[in-house]
Amino acid sequence: MACSSFVKLNAAASSWIGGHQSVNSRSGSAPRFSNRRLSVVRAGSYTDELVKTAKSIASPGHGILAIDESNATCGKRLASIGLDNTETNRQAYRQLLLTTPGLGDYISGAILFEETLYQSTTDGKKFVDCLRDGNIVPGIKVDKGLVPLPGSNNESWCQGLDGLASRSAEYYKEGARFAKWRTVVSIPCGPSALAVKEAAWGLARYAAISQDNGLVPIVEPEILLDGDHPIERTLEVAEKVWAEVFYYLAENNVVFEGILLKPSMVTPGAEHKQKASPETIANHTLTMLRRRVPPAVPGIMFLSGGQSEVEATLNLNAMNQSPNPWHVSFSYARALQNSVLKAWQGRPENAEAAQKALLVRAKANSLAQLGKYSAEGENEEAKKGMFVKGYTY
């Protein structure tokens, strides 16, 4: 934020600090504050809008549809139903999702890939306008992906800060109102202190830049499911990661009321011999959140991370059995899209059935956000896990 965005402490406090007053000064010891002045951060020009946007996304019974897969990853989705990875096919699939009638009853935000932000329907209506008409806030993936982190234990860092301010300003003009930046932490790799610090610092810089350009930042340090560790180890790492993240968010003067979080649920490693119940996962996850996340944060929108559609919904439901300080909801990609792809199969005549499949999953997670979901009647396909070791977007 600009220097002009700082507010001095009241005159009495400023005089006290500026005059080097301290408990120790009477005895001739060095002044505690030296020549430093303390300042209070004042809201930036977008702050009121950021807070309003975050609250609108974090509204009861609503969550986020994540369709921000890179072109390569979207190609994998299409390949699973026998379609080539062409812009036309990507557009057709995303049009199917974004024009689903009634989607806004359960979905309050949609994360788009850059290509999608600029695309239109086959009838010429911009996807951004389709979302707005459905009372869904358009969002945009802004990171540039993971690359090897030198000096680490075969870990990664997320690139994309270069040019982020100008890109964010352009995305805002195109209609985006929130952003997403995903970095990852690997428990089998340690994680190293270097990787945790890099993840936290990168997220904080991205968040500050996003807010400065009118975009609500989704803060997402994904703790990968990879590994055979118990749930207690995941809790330990998650607490460490989120402590670092909020330390650096504060250091970068990020307004907590104008952010959203996208954490992993606290679960055992995917290869751990013993699975955890939704109640156990909810207990460990909420323990971590209560220890690390200030109540000023409006919304916590969980990623599914390779869980089955039903698992992700059951775990979310278990976390909403009693009131939380934050809106505890979802920001799912595979856990909302898997059934849709299988219903669609790339055939125009299946579009309506595919959209109905999306509504079924969206409604299920809406009920889970309200703590009212039951898995009764769920089909076996929705219960199949989608974990992929070393998964990349």
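**Entry 1: strand S4 and its neighbours.** I began with isoleucine 67, whose bridge partner in S4 is leucine 112. Before going on, I noted that this is a predicted model, where local features need pLDDT of at least 70, side-chain atom pairs count only at pLDDT 80 or more, and totals for chains, interfaces and linings use all residues. Residues are numbered from 1 along each chain as its sequence is written, and side-chain values use heavy atoms, with hydrogens and water left out.

I then looked at the strands themselves (DSSP runs of E, at least two residues, numbered from the N terminus). Strand S3, residues 63-67, pairs with S4 in the parallel sense over five bridges; two strands count as paired if DSSP finds at least two bridges between them. With strand S5 (residues 137-141), S4 also runs parallel, joined by four bridges.

How many residues of strand S4 are buried? I found six of the six in S4 (residues 107-112), so the strand is largely enclosed by the rest of the structure. Buried here means under 20% relative accessible area, with exposed over 50% and partly exposed in between (1.4 Å probe, protein chains only).

**Entry 2: the barrel.** Next I followed the pairing around and found a closed barrel of eight strands, running S3-S4-S5-S8-S9-S10-S11-S12 with parallel pairing. Helix H9 (residues 231-251) packs on the sheet and touches strands S8 (178-185), S9 (216-223) and S10 (260-261). The direction of H9 makes about 150° with that of S9; axes are lines fitted to C-alpha atoms, for helices over the stretch in contact, and angles run from 0 to 180 degrees between N-to-C directions. Helices are DSSP runs of H or I, at least four residues.

I also checked S11 and S12 (residues 327-332), which pair in the parallel sense over four bridges. Phenylalanine 302 has phenylalanine 330 as its bridge partner in S12.

**Entry 3: serine 304.** Where does serine 304 lie? I found serine 304 in the loop between strand S11 (299-302) and helix H11 (309-319). Serine 304 is buried, at 6% relative accessible area. Leaving out residues up to four places away in sequence, serine 304 touches Ala312, Tyr332, Ala333 and Ala335, a contact being heavy atoms within 4.5 Å.

**Entry 4: the whole chain.** Of the 393 residues in the chain, 55% are buried.
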